Amino acid sequence: MAVERCKSFVNYVSWAVCVMIILSSVKLGSCLSDDPQMTFDKLFTIGITAYEEEDWQACVRNMERAQDDFNFYKQTILDCRISCRNKFTPSKKSDTESLDKETVDSLGFLKFYEQIIFESDCVKRCRLNIFGERPEKVPRNVLKNFENRLAYSYLQYCYYKVDRMADATSAAYTFFLKNPDHQDTIDNIQSYRKEFGVKDNEIVDMERKQYKVYRGEGEKAYHAGDWDGVIEYFERALQEYYLEDERCRADCEGQYEHERDPDFIHAVADHYISVLQCQVGCVDVLSKIYVQQQPNYFAEHFHYLQYAYYKKQYNDRAVEATGTYLLFIPDNEDMQANRRYYIQNLGYHEAHFTPRKEALQYYKRQQMMEKMLEFVNVKYFTEMYDDEDDDIDMEKGDDQMAEEDLMNEVEKNKKNDPKLDGQEFYMKIFEKIGMKILAGKEDLKGSRFLAKGFTREGQCIELMYMISSIDPDQNGIRQISVVEALELVKKDSDYEMALRTLLKTTELTRHFTGRFFNKTEYFIKDVKLVCRDPVENSADQGPCVPQESGQCVGDTEVSEGYTDNDYISVAYLTDNDDSGIYFFDRWMRKQSSSLPGIKCGHLVGFEAFDRHGILPSKSQRCAMVVTYTSDRSHDNPVVRIAKSFLLSLENQRSASNSSVILQKFEREGTTVVQANAELHGNERVIADGLIDDEACSALIALAKNGAIIGDGYNEKDNFEAVAISPHTDNEIFEGLTIHRAIKLAKSGAVSKESVELYLSASERSRLFVEKFFNLTKPLYFDYTHLVCRTAVEGVQAGRTDLSHPVHGDNCQLNIKDGTCSRAFPAFVQRDYSALMYLNDDFEGGDFFFAHSNTSADVTLKPKCGRIIGFNAAHLHGVNSVTKGQRCAVAMWYTLDPNFKELARIQAQKVLSSMSSENSQDSDAEGSVHEEL
Ligand SMILES: O=C(O)CCC(=O)C(=O)O
Ligand SMILES: [Fe+2]
């Protein structure tokens, strides 16, 4: 029975026999089962289950059937494509012959599409005829597994377990041919040979193609001097080669996963280009012997034939073989010598060396395809590139900054270490700016990484704020895309910073993952935030494998909509110790080295086809999931659209009238002490009376409480309480950020009022600076820090160092020439700086503006309520504090809304929620407002 023979196929010949029988005897249904639903993907899954359950016989049975059915499936598809192509290739004598040239040209075009429609109809009918009710759609990754011969890898082990050593070795060898770097398989083959005595002649490539079989026989005949044998086998090998080449090209005409360009002509061209790229590669696919590619594999047939025909004195055929060989390799000296010999000694002349017809056709086709591909590679994409420049320019400023910073760093670092290059090199630079790989390709056994340093806590909070506005679906999953986020911002400006954060983080992760995967063309395809509500039992995986994208997929699938050119990064927003992500190995077993525990700031990256799953968490689990593509045609403009919307929003904003507000400051007792020229520069101001003594004392108390209660030196919350000043060993430097202050207020460690004062007093300073310098655009906080510097007792005598050495707040000072360059790693976004002083009961500690040679120019004594504001590029410093404690609120401002201090925005929300809680008990005060 045909089914039986299919099952036990060992090589292509018996399998081909099987298919032939099936095709002629059974019209409907698959090769292997009466149940048309029992297709190779199902059999494969059953085989894997058997493997996991250690039922080795069942594993062998199902994997063999799966592989057979896959071969049947593939062969059917290719046969249909080929036979329909041949059926509809237009005959030379066309019915357009009698028409004039113009009509022929336009009709020719129509004829082309007519032919395509007929052919398509033919292929559909052909498949239906053979497949019947069999479901045809198979997930792409399952197909990929079969293309990669994964079933053989299972078979190898299961054969071994049922003591079929020769089959096990052959299966291993078959797998190895497609996966030549797989060390375990190489080791297995060796041990089958050495320990289990499997002989070399027992080892067969179970997928060996017939053209290779014939060629092998032909070579044997050659070594035996059997010229008839050489002729017979090499001629057969050639015929089979042409057929295999046709199959290879037909196979290239398979699924095209790209989203199509809506324009008919682009869609057709793009699809054809992907087919073309594949078809041009067929010559390499076919010319492998074992795992090595053989140069001139095809042409060599004619070398053997030329010799054998000559030996048999079939000189016409020998001359023809010579001419054919020279078509492919025109300057081969041996063959040229043969050619001369035939001309000089046997009376042949040029015309006799005309290559064989099929070979000439093969050659011309190859030439033409390569020429087209060259056009595609050299011109097609580059011209598209130029055309699209206008679109890309929309947000050049921001985009280029990141790229430019990176490039500058590259140049600087290249000089230091010219050996470093490519990916490794970029990773080093990223590491310098805080983005560090924690686990890479080796640890994670694949093209995957886990890195840290991507989103700061405040950014995670901001993004969480946005996604919290979305209701969960019935599976407890909340999702928001950039388009939805944009709509949200249009309705409610409270979400603006979340959107800005989303776009900023996307740009950062795009740069990083693009470098990691070594892509020069790397675009955003999709961005979304995904949250999963807590699950009761985190061990419960449910019926399918949950994905970071929010989808849930079957055992052998990946999420829909991905192509080979796609990559994914996942930036985590929550800390979930009980959760993680795991990957599957190529045998689709859960990989043991999964990544446990996720954290805000961590980023995981992998190829979109790399199967993964996630562990649910008992607490809310949120991530920002970005899909990238190296295929320009999938570049999603949504990020640029969102950016340009935010840009237009900002362009509409202007600072309100200065003089009215300055008058109000004056009425409330603020007086300008010195400004601009009096301070030897423009954009410099000193004012007194901005806050009163009570406020100063309350802020100093806040600093004390915050610093004492704070957990000392803490890298994560950088610039928090530091035991010794980062600037001098002779002072203690303590600081309190808004971020920490609000945490302390929430825990009750400091009063809510003191934090409100911290916010309102600093806001008052910002407003004063914005108005005094008469800025036309709003000035935003970049960073706020309540800082005290305390002299260490007993080490002060004869101190020559400074409390804070001379510096600019947004640039890197070159001590040699006094220039300060506004470049990374300085905080280049900072435009203005201000300090609001809180006390004067200490010694030393004068602020000063510096000359470019760093000597002090004008100095200033701090005191409660005094503020100094200046352009952040101006060089300045602080004299040593030699006795007591000097406290101030340090502030850095920016004109770039993308750098707005998130902690302030979040503090407002926390404070107002605390107020509403309070107001339930008593009618407490309302929330603090940023604007006065
Ligand atoms: O405290 C001061 O007076 C100046 C501090 C300063 O320049 C800084 O922290 O950047
Ligand atoms: Fe400074």
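Start by selecting Tyr 310, which lies in helix α14 (helices are DSSP runs of H or I with at least four residues, numbered from the N terminus). You're in a predicted model, where local features need pLDDT of at least 70, side-chain atom pairs count only at pLDDT 80 or more, and totals for chains, interfaces and linings use all residues. Residues are numbered from 1 along each chain as its sequence is written, and side-chain values use heavy atoms, with hydrogens and water left out.

Tyr 310 is partly exposed at 31% relative accessible area (buried is under 20%, exposed over 50%, partly exposed in between, with a 1.4 Å probe and protein chains only). Helices α14 (297-311) and α16 (333-346) each supply at least two of the residues.

Next, pick helix α10, residues 210-223. Its buried residues are Gln 210, Tyr 211, Tyr 214, Arg 215, Gly 218 and Ala 221. Lys 220 and His 223 are exposed on the face turned away.

Last stop: the iron ion, ligand 2. Its protein donors (N, O and S atoms within 2.8 Å of the metal, or 3.2 Å for Na, K and Ca) are His 807 (NE2), Asp 809 (OD) and His 876 (NE2), 2.1 to 2.3 Å away. His 807 is buried at 17%, and Asp 809 is buried at 10%.

How values were computed:
Chains are lettered from A and ligands numbered from 1 in the order in which they are written. The expected span of a helix is 1.5 Å times one less than its number of residues.
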